[in-house]
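Below is a briefing on one protein model, written for reading beside the sequence and the structure. It starts from a single residue and its contacts, then turns to the chain as a whole and to selected elements.

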Amino acid sequence: MRRKEREVKDAQGITEILAKTSVCSIAMVDNGVPYIVPLNYGYVLEGETLTLYFHCASKGRKLDILKNNPHVGFETHWEGELKGSDKPCTYTISYGDVIGTGEAIFVENDAEKAFALKTLMQHLTAKDFEFEEKSIKSVFIFKIVSTDFCGKKN
């Protein structure tokens, strides 16, 4: 990272950025062609491992790509206010982002699916929810596990 003074490495700093965002974009490669999709997510940061949880339809291009190539890039960010002065080259926007790479893994276990849904809803709403077994069985969940991520903040 070129701007080392903006780098965020510590768990608290990463968590502060993630807490402000609700959408994570996932970059995949489909037969040599990039494909990016934004999704709502939940997360768990344990030590140096970040796990992102996503729910989606059980069929579609995204899942077809991930079945063939589970290696992904991801990015989430928040954008703040525009800052500047009378000089055009002094403008900047405050922001925080977390980017990284990881592996997409399909979640089959109902207990982990329930955990993923609770984690996702807790992140998005700050509320705890219980899920019916029918809902857990009908939803498709995948996670991205990453040990290669960093944050940046201005």
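Histidine 55 touches Leu117, Leu120, Val139, Phe140 and Ile141, when residues up to four places away in sequence are not counted; contact here means heavy atoms within 4.5 Å. This is a predicted model, in which local features need pLDDT of at least 70 and side-chain atom pairs count only at pLDDT 80 or more, while totals for chains, interfaces and linings use all residues. Residues are numbered from 1 along each chain as its sequence is written, and side-chain values use heavy atoms, with hydrogens and water left out.

**Histidine 55 and its strand**

- Histidine 55 has its place in strand E5, which covers residues 49-56; helices (H or I, at least four residues) and strands (E, at least two) are DSSP runs, numbered from the N terminus.
- Histidine 55 counts as partly exposed because its relative accessibility is 36%, where buried means under 20% relative accessible area, exposed over 50%, and partly exposed in between, with a 1.4 Å probe and protein chains only.
- Between histidine 55 and tyrosine 43 there are 12 Å from C-alpha to C-alpha, and the two are 12 residues apart in sequence.

**The protein as a whole**

- The secondary structure comes to 4 helices and 8 strands, and from the N terminus on the elements run β-α-β-β-β-β-α-β-β-α-α-β.
- Taken along the principal axes, the box filled by the C-alpha atoms is roughly 60 × 40 × 25 Å.
- Of the 154 residues in the protein, 37% are buried.
- Among contacts between residues at least 6 apart in sequence, 70% join residues that are at least 24 apart.
- The protein exposes about 9300 Å², of which carbon and sulfur atoms supply 51%; accessible areas come from the Shrake-Rupley method with a 1.4 Å probe, and for residues only the protein chains shown count as cover.
- There are 20 positive and 22 negative side chains, and the centres of the two sets lie 4 Å apart. Lys and Arg count as positive and Asp and Glu as negative, with His and the chain ends not counted, and the place of a charge is taken as NZ of Lys, CZ of Arg, CG of Asp or CD of Glu.

- Helix H3 has 16 residues and reaches 22 Å from its first C-alpha to its last, close to the 22 Å expected at 1.5 Å a residue; the expected span of a helix is 1.5 Å times one less than its number of residues.
- The buried residues of H3 are Lys113, Ala114, Ala116, Leu117, Thr119, Leu120 and His123.
- Threonine 119 lies in H3, which covers residues 110-125, and this threonine counts as buried because its relative accessible area is 11%.
- With neighbours within four places in sequence left aside, threonine 119 is in contact with Gly42, Tyr43, Val44 and Tyr53.
- At the start of H3, a side-chain oxygen of asparagine 109 comes within 2.8 Å of the backbone nitrogen of alanine 111.
- Just after H3, alanine 126 takes a positive phi of about 60°; alanine 126 lies in the loop between H3 and helix H4 (133-138), and counts as exposed because its relative accessibility is 59%.

**Lysine 143 in strand E8**

- Lysine 143 is placed in strand E8, residues 140-153, and counts as buried because its relative accessibility is 15%.
- The side chains of lysine 143 and glutamate 112 are joined by a polar contact of 2.7 Å. A polar contact is a pair of N or O atoms within 3.5 Å; within protein, one must be able to donate a hydrogen and the other to accept it, and residues adjacent in sequence count only if both atoms are side-chain atoms.
- Residues up to four places away in sequence not being counted, lysine 143 touches Thr51, Leu52, Tyr53, Glu103, Ala104, Ile105, Val107 and Glu112.

**Other strand and loop positions**

- Valine 44, found in strand E4 (residues 42-46), is in contact with Thr49, Leu50, Thr51, Tyr53, Phe115 and Thr119, leaving aside neighbours within four places in sequence.
- Leucine 82, found in strand E6 (residues 71-83), counts as exposed because its relative accessible area is 55%.
- Asparagine 31, in the loop between strand E2 (23-30) and strand E3 (33-40), has a phi near 55°, a positive value in a residue other than glycine.
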